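Here's a protein to explore together. Take a look at the sequence and the 3D view, and keep both open while you read.

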Amino acid sequence: MTKLSVAIVGAGMGGLATAGALHRAGVGVNVYEQAARFARLGAGIQIGCNAMKVLRGLGLEPLMRASAFYPRSWNNREYDTGEVRFDMIFGEAAEQRYGAPYLLGHRGDLHSALASVVPSEKIHLDHRVVGIDERPDRSVTLRFANGRSIEADAVVAADGVHSFVKEQLFGKDEPNFSGRIAYRTVFPAALLNGYEIGDCTKWWGPDRHIVIYYVNPDRSEVYFVTSQPEPGFTVESWSATGDVGELRKGFEDFHPEVRHVLAACPSVHKWALIDRNPQTHWSKGNITLLGDACHPMTPYMAQGAAMAIEDAAMLSRCLQGADRYGVAAAFRRFEATRKPRTSRVQLNSRTNTWLKERTDPDWVYGYDAWNEPLAALEAL
């Protein structure tokens, strides 16, 4: 039997994780990314125990342990007094309970790790999709802005919240702007001048919060991300520059630890926080959406990338052994298996109450995408 060929649109976390998982499963895969090069953007990422189980299956656990920070806990504190609301203990206790570590890393380092499990010749940069068509024989054609076109048995669109493929399949949907914005940056911890900060702390204010943590084992880089009201700002780009002075002013009544971190940071990026309702359908024929393209979510549970990484493992299981004529059923099974979970995380994240008070996180961190049962075929 000829090896199934899958084209993945987008080389973000979800796209590369899917490529790695499909390559591991013996599926022929190529990734098409519109960017001309990869860059180590200044952002941190929380890599939950559920995501780490997928990364372990891709052979990346040693690399991630070596490059990421192993926190004692995710500590939730009052913005001004520092009183502890809920201290979610991680470290060895969480590793024993959930079967994998909870790590804090740099997005660029996780992205590089995922790229390392995909053969370099299978990643095609400077390929922006401008057309997609499914043919009567079930093959799918992709056309690119650079004039190239390719044919594959199946297409996985991991092209993010502004997914071109989603718009082609299901029409344009407008994002729900939350009226809130986020600032974020990574900067050298040396700029703190020896000031001690917590491993990972979320400071809860009346109408805003800030999360601060280290992103590498030697504590040499600090990351923070905020959420605060600013109804007039609607720029979704993660690369838009923010005003550090305005940021500091917005947190001037917060705890001294927060003010010290903000005083030390040299520059920030700023973007609007948006929300979308769960997507009604993820696939049409031999084309499916994955990750933020079908279930974008607010960052309040730190599970957006984790959901895309879980998707990758589950999709590889659904496609294993399928030929071109079995792809559509495999994609329906993938959606039926994943949608209840991603919708639950989307809607829980929207409320921004995760870990604000004592919380049972077992349903999030205990999940294992390699071993969760697949939806029954007869139910599709």
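What follows is a walk through the sheets, the core and the aromatic rings.

Keep in mind that this is a predicted model, where local features need pLDDT of at least 70, side-chain atom pairs count only at pLDDT 80 or more, and totals for chains, interfaces and linings use all residues. Residues are numbered from 1 along each chain as its sequence is written, and side-chain values use heavy atoms, with hydrogens and water left out.

Helices (H or I, at least four residues) and strands (E, at least two) are DSSP runs, numbered from the N terminus. Two strands count as paired if DSSP finds at least two bridges between them. With that in hand, look for an open sheet of six strands in the order 7-2-1-11-19-18, with mixed pairing. Strand 7 (123-124) and strand 18 (283-284) sit at the edges with a single partner strand each, so one side of each has no neighbour in the sheet. Helix 1 (residues 13-24) packs on this sheet and touches strand 1 (5-9), strand 2 (28-32), strand 7 and strand 11 (154-157). Touching here is a contact, meaning heavy atoms within 4.5 Å. The direction of helix 1 makes about 165 degrees with that of strand 1; axes are lines fitted to C-alpha atoms, for helices over the stretch in contact, and angles run from 0 to 180 degrees between N-to-C directions.

How do strand 1 and strand 2 pair, in the parallel or the antiparallel sense? They pair in the parallel sense, over five bridges, and Ala-7 stands opposite Asn-30 in strand 2. Strand 2 is mostly covered, with four of its five residues buried. Buried means under 20% relative accessible area, exposed means over 50%, and partly exposed is in between (1.4 Å probe, protein chains only). Over at strand 18, two bridges join it to strand 19 (residues 287-289), and these two run antiparallel. Ser-283 faces Thr-288 of strand 19 there.

Strand 12 and strand 15 run antiparallel and are joined by seven bridges, with Ile-181 opposite Gln-228 in strand 15.

Now find the hairpin made by strand 9 and strand 10, with four residues between them. Gly-147 in its turn has a positive phi of about 95 degrees. Four bridges join strand 9 (residues 140-144) to strand 10, and the two run antiparallel. Leu-142 has Ile-150 as its bridge partner in strand 10. Strand 10 (residues 149-152) has a covered face with Ile-150 and Ala-152, and an uncovered one with Ser-149 and Glu-151. In a regular strand, side chains alternate between the two faces of the sheet.

Arg-138 is in the loop between strand 8 (129-134) and strand 9. Arg-138 isn't a glycine, yet it has a positive phi of about 80 degrees. It counts as partly exposed because its relative accessibility is 32%.

**The core and the rings**

A nonpolar core is a set of buried Ala, Val, Leu, Ile, Met, Phe, Trp, Tyr and Cys residues joined through side-chain atoms within 4.5 Å. The largest one has 128 residues, and Trp-74, Leu-142, Phe-224 and Tyr-365 touch the most other members. Helix 9 (residues 304-319) gives the most to this core, with 10 residues.

The structure holds 13 aromatic pairs. Rings of Phe, Tyr and Trp (its six-membered ring) pair if their centres lie within 6.5 Å; planes under 30 degrees apart count as stacked, over 60 as edge-to-face and the rest as tilted. Here are two of the pairs.

| Pair | Type | Centre to centre | Angle between planes |
|---|---|---|---|
| Tyr-102 and Tyr-365 | edge-to-face | 5.4 Å | 90 degrees |
| Phe-187 and Phe-224 | edge-to-face | 6.5 Å | 70 degrees |

Tyr-102 and Tyr-365 are 263 residues apart, and both are buried. Phe-187 in strand 12 (residues 176-188) and Phe-224 in strand 15 (residues 221-229) are 37 residues apart, and both are buried. Ring pairs also link Phe-90, Tyr-98, Tyr-102, Trp-354, Trp-363 and Tyr-365 into a cluster.
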